[in-house]
Amino acid sequence: DSSKILIHSAYLGHYIADAHVPLHTTQNHNGQLTNQIGIHAFWESRLPELFHKKYKLLTGRAIYLESPLNAAWSIVKHTNSLVDSTLSCEKKVSVKIKSSQLFEFSKRNHALTRLYSYQYSNAYHNLMNGMVEGQMRKSIFNIGSFWYTAWVDAGQPTLEGF
């Protein structure tokens, strides 16, 4: 059933990608417990929007996962290990940048939107030393591996007509 394959592949891809975002693995998912409100969108949206052209996102061939459940928990465990540095790097940068230079305004969809400034974003991105790109690469590779594993486990059906 091609419709079910597509919808479940999209759900699986979304959840696997989300598992690679450190703030998705903690109660402090938006910095609300550490007075860093907005860090979630900053990490997963603003930084990739600004710096994606520098990222190398080709990851190689997917692999067959002997235990998708163990693989999923391994991803979550690793991602959660990045929470402290995700938050501490932002704290370090926030004390070095003047509060007047923290934000800038940009027109998006015919509306003026307040965003973290390029200067602030660049300082944070550099201090994290490739974390966002690395997690995106892992996400791409793991989504492919979960999809490949599902296809193999389904008997390698022909996917013509998609």
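Ala, Val, Leu, Ile, Met, Phe, Trp, Tyr, Cys and Pro count here as nonpolar, Asp, Glu, Lys and Arg as charged, and the others, Gly among them, as polar. The model is predicted: local features need pLDDT of at least 70, side-chain atom pairs count only at pLDDT 80 or more, and totals for chains, interfaces and linings use all residues. Residues are numbered from 1 along each chain as its sequence is written, and side-chain values use heavy atoms, with hydrogens and water left out.

**View 1. The second largest pocket is lined by 13 residues.** A pocket is an open set of points on a 1 Å grid over the protein atoms alone, where a 1.4 Å probe fits, with protein on both sides within 12 Å along at least five of seven lines; lining residues have an atom within 4 Å of a point. The volume is about 210 Å³, taken as the space filled by probe spheres set on the points, which are joined across faces, edges and corners. Ala17, Val21, Glu44, Met136 and Ser139 lie nearest the centre. Helix 6 gives the most to this lining, 6 residues. Helix 1, helix 2 (39-51) and helix 6 each supply at least two. Helices are DSSP runs (H or I, at least four residues), numbered from the N terminus. The lining holds 8 nonpolar, 3 polar and 2 charged residues.

View 2. Of the 13 lining residues, Ile5, Ser9, Trp147, Trp151 and Leu159 lie nearest the centre. Helix 1 (2-18) and helix 6 (131-153) each supply at least two. Helix 1 has the largest share, 5 residues.

**View 3. The largest nonpolar core has 21 residues.** Such a core is a set of buried Ala, Val, Leu, Ile, Met, Phe, Trp, Tyr and Cys residues joined through side-chain atoms within 4.5 Å; buried means under 20% relative accessible area (1.4 Å probe, protein chains only). Among the residues with the most contacts inside this core are Phe42, Trp43 and Tyr124. Helix 2, helix 4 (83-96), helix 5 (118-127) and helix 6 each give two or more residues. The largest share, 5 residues, comes from helix 2. A second, separate core of 7 residues includes Leu65, Ala71, Ile75 and Phe146.

**View 4. Threonine 25 lies in the loop between helix 1 and helix 2.** Its side chain reaches the backbone oxygen of proline 22 at 2.7 Å. Beyond four places in sequence, threonine 25 touches (heavy atoms within 4.5 Å) Ala19, Val76, Thr79, Asn80 and Val83.

Key. Polar contact = N/O pair within 3.5 Å; in protein donor to acceptor, adjacent residues only side chain to side chain. Buried < 20%, exposed > 50% of the residue type's maximum accessible area, 1.4 Å probe, protein only.
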